Amino acid sequence: MQIVIIGSGNVAYHMAKAFIQNGIYPIQIFGRNEKELSKISEELNIPFSTDSLEDATLYIICVSDNSVEEVSKIITKKDCLVAHTSGSLPKEILVGEYRKASFYPLQTFSKSKELDYGKIPFFIETENKEDQEVLFKLASKVSSNVMESNHEKRKYIHLTAVFACNFVNHLFSRAKEISDSQEIPFNYFLPLIDETVQKIHEIEPKQAQTGPAVRNDLRVLQLHEQLIKDEESLEIYKTMNHSIQKMYEL
């Protein structure tokens, strides 16, 4: 199979790297950012271009959601399969006479962070059984966790991921602001964070909940509210505690 990866960001980089590590060699990585494409090309030994798209049997579009539709228009070949990697977009967002698909890896990607690609879930959606088998086979060379998922289901997968990853990371950033304000090294909190995440590998998140809100410790809750000077952080603190208390009917 001749594969072209379109994009130069985090997802494109890791998709290319995952393929290379598993003996799958894309014939090209294509995009607009020549500097980033050059870095990926040099590291992974994949030809790159910013102006000439190679002829391929599979194009994987790894760009931001608001760019997928426009980028898909550059593919004019009809006898090929085109897949985007978005968790929130339908395959029909792709504009062209080619066969359309979704090839969604459920993970947070940063170029500087190594990943175990074999653990990443891939969710596949295609227009026909033959293409589904092709993408299943491709994803299965990278990961042991591959499944079919239509757009409706994938929207909820992506929503869950935002709660479980993006929101949680934002709270880490807010927590670091507090620790920084008191000159407390944030790495002191990493064992606590690691244990919190590890715990939900073994028990349900609802059962793992600790803290003053689930204990209904009003004294500590009020003390914390007095310590928070930033209105936005205070609103987050109150909203989160209210949500915890409501979940546990306190």
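Trainee: The side chains of Asp-131 and Arg-99 are joined by a salt bridge, with N to O at 2.7 Å. How many residues apart in sequence are the parts that this pair ties together?

Mentor: The structure is a predicted model. Asp-131 belongs to helix α4 (residues 129-142), whereas Arg-99 belongs to strand β6 (residues 99-105). The pair therefore ties together parts whose separation in sequence is 32 residues.

Trainee: Is Asp-131 buried or exposed?

Mentor: The cut-off for a buried residue is a relative accessible area under 20%. Asp-131 has a relative accessible area of 5%.

Trainee: Which residue meets Lys-39 in a salt bridge?

Mentor: Lys-39 counts as partly exposed, at 45% relative accessibility. The N to O distance is 3.6 Å, and the partner is Glu-36.

Trainee: In which helix do Lys-176 and Asp-180 lie?

Mentor: Their side chains meet in a salt bridge of 2.9 Å, N to O. Lys-176 is partly exposed at 37%, and Asp-180 is partly exposed at 41%. The two residues are four apart, about one helical turn, and the element that holds them is helix α5 (residues 151-181).

Trainee: How many salt bridges does the count come to?

Mentor: Side chains of opposite charge can pair when their charged atoms come close. Some of these contacts join up: Lys-91, Glu-92, Glu-125 and Arg-154 are linked in a network of salt bridges. The cut-off is a side-chain nitrogen of Lys or Arg within 4 Å of a carboxyl oxygen of Asp or Glu, and by this rule the number of salt bridges is 17.

Trainee: What is the relative accessible area of Lys-17?

Mentor: Lys-17 is found in helix α1 (residues 10-21). Apart from neighbours within four places in sequence, Lys-17 is in contact with Glu-43, Leu-44, Glu-114 and Tyr-117. Lys-17 counts as buried, and its relative accessible area is 8%.

Trainee: How many of the five residues of strand β7 are buried?

Mentor: One side of β7 presents Phe-122, Ile-124 and Thr-126, and the other presents Phe-123 and Glu-125; both faces are covered. The strand (residues 122-126) is largely enclosed by the rest of the structure, because the number of its residues that are buried is five of the five.

Trainee: Which residue in β7 is the bridge partner of Ala-101?

Mentor: Strands β6 and β7 pair over five bridges. The sense of this pairing is antiparallel. Within β7, the bridge partner of Ala-101 is Thr-126.

Trainee: In which sense do β7 and β8 pair, parallel or antiparallel?

Mentor: The bridge partner of Ile-124 in β8 is Glu-148. From β7 the chain crosses through α4 to β8, a β-α-β crossover that is right-handed. Strand β8 covers residues 146-148 and pairs with β7 over three bridges, and the sense is parallel.

Trainee: How many aromatic pairs does a search of the whole structure find?

Mentor: A pair of aromatic rings is described by the distance of the centres and the angle of the planes. Rings count as a pair if their centres lie within 6.5 Å. On that basis, the number of aromatic pairs in the whole structure is four.

Trainee: What is the angle between the planes of Phe-163 and Phe-167?

Mentor: Phe-163 and Phe-167 are four residues apart in helix α5, about one turn of the helix. Phe-163 counts as exposed, at 53%, whereas Phe-167 is partly exposed, at 42%. The ring centres are 5.0 Å apart and the pair is edge-to-face, with an angle between the planes of 65°.

Trainee: The rings of Phe-186 and Phe-189 also form a pair. Is this pair stacked, tilted or edge-to-face?

Mentor: Phe-186 is buried at 17%, and Phe-189 is partly exposed at 32%. Planes under 30 degrees apart count as stacked and over 60 as edge-to-face. The centres of Phe-186 and Phe-189 are 6.0 Å apart and the planes stand at 35°, so the pair is tilted.

Trainee: At what distance from the ring centre of Tyr-248 does Lys-206 lie?

Mentor: A charge sits over a ring only if NZ of Lys or CZ of Arg is within 6 Å of the ring centre and within 35 degrees of the ring normal. Lys-206 lies over the face of Tyr-248, and its distance from the ring centre is 5.8 Å.

Key: Residues are numbered from 1 along each chain as its sequence is written. This is a predicted model: local features need pLDDT of at least 70, side-chain atom pairs count only at pLDDT 80 or more; totals for chains, interfaces and linings use all residues. Side-chain values use heavy atoms; hydrogens and water are left out. Buried means under 20% relative accessible area, exposed over 50%, partly exposed in between (1.4 Å probe, protein chains only). Contact means heavy atoms within 4.5 Å. Two strands pair if DSSP finds at least two bridges between them. A crossover is right-handed if, with the strands pointing away from the viewer, the path from the first strand over the helix to the second runs clockwise.
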